[in-house]
Amino acid sequence: MNLLKFDCIDSTNTYAKDNFDTLDDKTAVIAEEQTKGRGRFNRVWVSKNCENIYLSLVLKPQNTRYITNLTQYMSTVVAGVLKTYNVQPQIKWPNDVLVNNKKICGILSECVMKNNQLSGIVLGVGINLNTDAATISSIDRPATSLNLETGQKINKEEFLQKLFDVFWINYDNAMQNGFEYFKDDYLKYVDFLGKVIFIQQRDNDIKIKCVAKNIDNQGNLIVIDSNDNEKIIYSGDLIY
Ligand code: BTN
């Protein structure tokens with residue numbers, strides 16, 4: 001793995017995308033601070049210089065069949081690392097990681113196309129390790145940070161090392177076998193099945209009420225809608 005470190009950058013995802021062709025497969029782009037940290041649905045990702053993780057992985061696997069499952073794979077890896085800090089992580093489908101029902105990690109994957117062909121993916125990960133309480137409360141949705149959950153400053157290098165170790169150990173298997181390979185692990189962190197949830201599929205106010213029934217072997221969410229019909233949800237945001 002190559003490591004590229006920046007003190008301050010607009011967004012590690014933007015950098016990785018803009019330089020995708022010249023960056024090697026398995027390059028990790030890391031920044032201490034981002035001035036334009038981006039989240040899903042064009043949201044802002046608060047990216048202050050406070051020893052949080054702002055990371056983008058450049059990935060160019062030969063077999064791209066399961067590339068979209070990488071976000072769920074990464075959320076499972078992050079949840080596993082968080083557990084070693086004696087907190088109880090939850091995964092909110094598809095790939096948010098929460099602690100005490102508050103978001104601690106967000107993942108933004110962006111596919112890169114060349115000549116109408118998928119050439120790889122930028123897998124962006126933001127993890128709140130040491131955000132102060134005032135900054136956390138300024139975020140417009142329930143959020144938290146590992147230092148606030150544990151009452152201790154978190155060693156970023158140590159966390160990153162654990163994250164890379166676990167991620168690379170199973171990466172090839174996850175890429176060969178897809179969601180089924182790590183499904184049992186993913187489900188250990190899922191606590192919304194059987195509950196009433198709302199699905200938001202774009203950044204608008206439309207929220208569809210349904211009951212979360214299951215996660216299929218491809219990582220899609222199976223729900224029962226208000227007419228008692230079973231539906232497969234391929235993408236979106238889940239609201240409890
Ligand atoms: C989300 O939950 O909305 C996804 C947040 C992803 C944030 C990370 S931080 C590193 C990388 N660079 C970005 O601009 N975004 C991702």
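**Close-up views of a predicted model**

**Figure 1. The salt bridge of Lys102 and Glu149.** Glu149 is partly exposed, with a relative accessible area of 21%. The model shown here, as in every view, is predicted. Lys102 is also partly exposed, and its relative accessible area is 29%. Both values lie outside the buried class, because buried means under 20%. The two side chains form a salt bridge, with 3.7 Å from N to O. Lys102 belongs to strand β6 and Glu149 to helix α4 (residues 146–150), so this pair ties together parts that are 47 residues apart in sequence.

**Figure 2. The salt bridge of Glu110 and Lys17.** The N to O distance between these side chains is 3.2 Å. Glu110 is found in strand β6 (residues 102–114) and Lys17 in helix α1 (residues 12–18), so the pair ties together parts that are 93 residues apart in sequence. Are the two partners buried or exposed? Glu110 counts as buried because its relative accessibility is 14%, under the cut-off of 20%. Lys17 counts as partly exposed because its relative accessibility is 34%.

**Figure 3. The salt bridge of Asp237 and Lys92.** Here the distance from N to O is 4.0 Å. The pair links distant parts of the chain, 145 residues apart. Asp237 sits in strand β12 (residues 237–239), while Lys92 sits in strand β4 (residues 89–92). Asp237 is buried, at 3% relative accessibility. Lys92 is buried as well, with a relative accessible area of 12%.

**Figure 4. Strand β9 with strands β8 and β10.** Strand β8 (residues 196–200) pairs with strand β9 (residues 208–215) in the antiparallel sense, over four bridges. In this pairing, Ile197 stands opposite Cys210 of β9. Strand β9 is also joined to strand β10 (residues 221–225), by five bridges, and these two strands run antiparallel. Asn214 stands opposite Ile222 of β10. The hairpin of β9 and β10 has five residues between the strands. Within this hairpin, Gly219 takes a positive phi near 95°.

**Figure 5. Met113 in strand β6.** Is Met113 buried or exposed? Met113 is exposed, because its relative accessible area is 52% and the exposed class is over 50%. Which residues does Met113 touch, leaving aside its neighbours within four places in sequence? Met113 is in contact with Leu118 and Ser119.

**Figure 6. Helix α5 and helix α6 in contact.** Two packed helices are described by two values, the angle between their axes and the distance between the axes. For helix α5 (residues 156–177) and helix α6 (residues 179–187), the axes come within 7 Å. The axes cross at roughly 115°. On the side of α5, the residues in contact are Asn170, Asn173, Ala174 and Asn177. On the side of α6, these residues meet Phe179, Glu180, Tyr181 and Phe182. By class, the contact has four nonpolar, three polar and one charged residues. Glu180 is the charged residue, because Glu counts as charged.

Conventions
Residues numbered from 1 in each chain as written. Predicted model: local features only at pLDDT ≥ 70, side-chain atom pairs only at ≥ 80, totals over all residues. Heavy atoms only, no water. Buried < 20%, exposed > 50% of the residue type's maximum accessible area, 1.4 Å probe, protein only. Pairing = 2+ DSSP bridges. Contact = heavy atoms within 4.5 Å. Axes fitted to C-alpha atoms, helices over the stretch in contact; angles between N-to-C directions.
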